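Try each task before you read its solution.

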Amino acid sequence: MFCRIAELHCKEVINVCTGFRLGYVSDAELDTKDGRVTALIVPGPYRFFGLLGHEDDFYLPWGCIERIGKDIILVNIPGECQRCKPDRKRKWF
């Protein structure tokens with residue numbers, strides 16, 4: 001199955017370990033040297049109906065992605081998902 005990066009915005013991301021719905025893909029991180037997608041970025045949940053912005057984004061490394069389906073992306077992240085600031089600075093735990 002082939003998928004364009006633009007089509008990832010329509011797919012919902014679900015963590016199979018916890019069953020938590022993370023949201024929809026907003027961005028993808030690419031390695032321009034190798035021409036590969038290295039991670040997907042999903043915006044964090046909104047705070048107080050979106051009036052106070054949203055929490056940090058979810059940073060999902062490509063190795064954690066189990067399956068990309070027609071409507072859903074399944075990721076396998078045990079415990080709590082890794083977060084990154086909206087300015088795309090990565091925090092590694």
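**Exercise 1: a hairpin and its turn**

S3 and S4 form a hairpin with four residues between them, and glycine 35 in the turn has a positive phi of about 70°. Before going on, note that this is a predicted model, where local features need pLDDT of at least 70, side-chain atom pairs count only at pLDDT 80 or more, and totals for chains, interfaces and linings use all residues. Residues are numbered from 1 along each chain as its sequence is written, and side-chain values use heavy atoms, with hydrogens and water left out.

Task: work out in which sense S3 and S4 pair, and over how many bridges.

Solution. Start with the strands, which are DSSP E runs of at least two residues, numbered from the N terminus. S3 covers residues 27-31 and S4 covers residues 36-42. Two strands pair if DSSP finds at least two bridges between them; here there are five, in the antiparallel sense. To check one on screen, pick glutamate 29, whose bridge partner in S4 is alanine 39.

**Exercise 2: around S7**

Task: find the strands that pair with S7, then say which of its side chains are buried.

Solution. Take S1 to begin with: S1 and S7 pair in the parallel sense over four bridges, and isoleucine 14 stands opposite leucine 74. Next comes S6 (residues 65-68), which pairs with S7 in the antiparallel sense over three bridges. S6 and S7 also form a hairpin, with three residues between them, and isoleucine 68 has isoleucine 73 as its bridge partner. Now the side chains, with buried meaning under 20% relative accessible area, exposed over 50%, and partly exposed in between (1.4 Å probe, protein chains only).

**Exercise 3: charges**

Task: list the salt bridges (a side-chain nitrogen of Lys or Arg within 4 Å of a carboxyl oxygen of Asp or Glu), then see what lysine 11 does.

Solution. The count comes to two. Glutamate 12 and arginine 21 meet at 2.9 Å, N to O; glutamate 12 counts as buried because its relative accessibility is 12%, and arginine 21 counts as exposed because its value is 55%. Aspartate 34 and arginine 36 meet at 3.3 Å. Lysine 11 is buried yet has no salt bridge, with glutamate 7, the nearest side chain of opposite charge, 5.5 Å away. Instead, its side chain reaches the backbone oxygens of glycine 69 at 2.8 Å and lysine 70 at 3.0 Å.

Key. Lys, Arg positive; Asp, Glu negative; His and termini not counted. Polar contact = N/O pair within 3.5 Å; in protein donor to acceptor, adjacent residues only side chain to side chain.
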